[in-house]
Amino acid sequence: MVEVFSQSMIDSAIKELNKGSDKFWSIEDGKLYREFKFSDFVSAFGFMTKVAILAEKANHHPEWSNVYSKVVISLITHEVGGLTNRDFDLAQKISSST
């Protein structure tokens with residue numbers, strides 16, 4: 001079983017995740033959250049395909065939505081009801097794939 005992060009662990013992990021980036025992950029409703037914007041639907045869908053492969057390999061699947069060129073992703077480890085290293089690891093991989 002994975003450990004739920006404390007608030008101080010979340011603060012540290014999100015700072016590290018966002019380091020060196022101008023596009024930031026945040027916490028929304030207790031979930032790791034980010035919006036991605038692309039030039040068109042095909043680019044957004046291509047990104048979603050990459051994320052789907054990453055998520056499947058990690059066996060950790062996002063909550064997400066897509067409207068035309070915008071993809072919204074939320075991550076939480078449902079089985080423990082909070083944020084864990086699984087969320088931050090997947091977020092880092094997602095960020096690296098853009």
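## Helix α3

In this predicted model, helix α3 covers residues 85-96 and has twelve residues. From its first C-alpha to its last it reaches 16 Å, close to the 16 Å expected at 1.5 Å a residue.

Which residues of α3 are buried? They are Arg86, Asp87, Phe88, Leu90, Ala91, Ile94 and Ser95. An α-helix has 3.6 residues a turn, so residues three or four places apart point the same way.

Five of the six residues in β4 (residues 70-75) are buried, so the strand is largely enclosed by the rest of the structure.

Strand β4 runs antiparallel to β2 (residues 31-37), and six bridges join the two; Lys70 of β4 is the bridge partner of Lys37. With β3 (residues 63-67), β4 pairs in the antiparallel sense over five bridges, and here Ser74 of β4 is the bridge partner of Glu63. The hairpin of β3 and β4 has two residues between the strands, and in it Tyr68 takes a positive phi near 50°.

## The largest pocket

How much space lies in the largest pocket? The answer is about 160 Å³. Its lining is made up of Lys23, Phe24, Arg34, Glu35, Phe36, Lys37, Phe38 and Thr98. Sorted by class, that gives four charged, three nonpolar and one polar residue.

Methods. Residues are numbered from 1 along each chain as its sequence is written. This is a predicted model: local features need pLDDT of at least 70, side-chain atom pairs count only at pLDDT 80 or more; totals for chains, interfaces and linings use all residues. Side-chain values use heavy atoms; hydrogens and water are left out. Buried means under 20% relative accessible area, exposed over 50%, partly exposed in between (1.4 Å probe, protein chains only). Helices (H or I, at least four residues) and strands (E, at least two) are DSSP runs, numbered from the N terminus. Two strands pair if DSSP finds at least two bridges between them. On a 1 Å grid over the protein atoms alone, a cavity is a set of points where a 1.4 Å probe fits but cannot get out, and a pocket is an open set with protein on both sides within 12 Å along at least five of seven lines; lining residues have an atom within 4 Å of a point. Grid points are joined across faces, edges and corners, and a volume is the space filled by probe spheres set on the points. Ala, Val, Leu, Ile, Met, Phe, Trp, Tyr, Cys and Pro count as nonpolar, Asp, Glu, Lys and Arg as charged, and the others, Gly among them, as polar. The expected span of a helix is 1.5 Å times one less than its number of residues.
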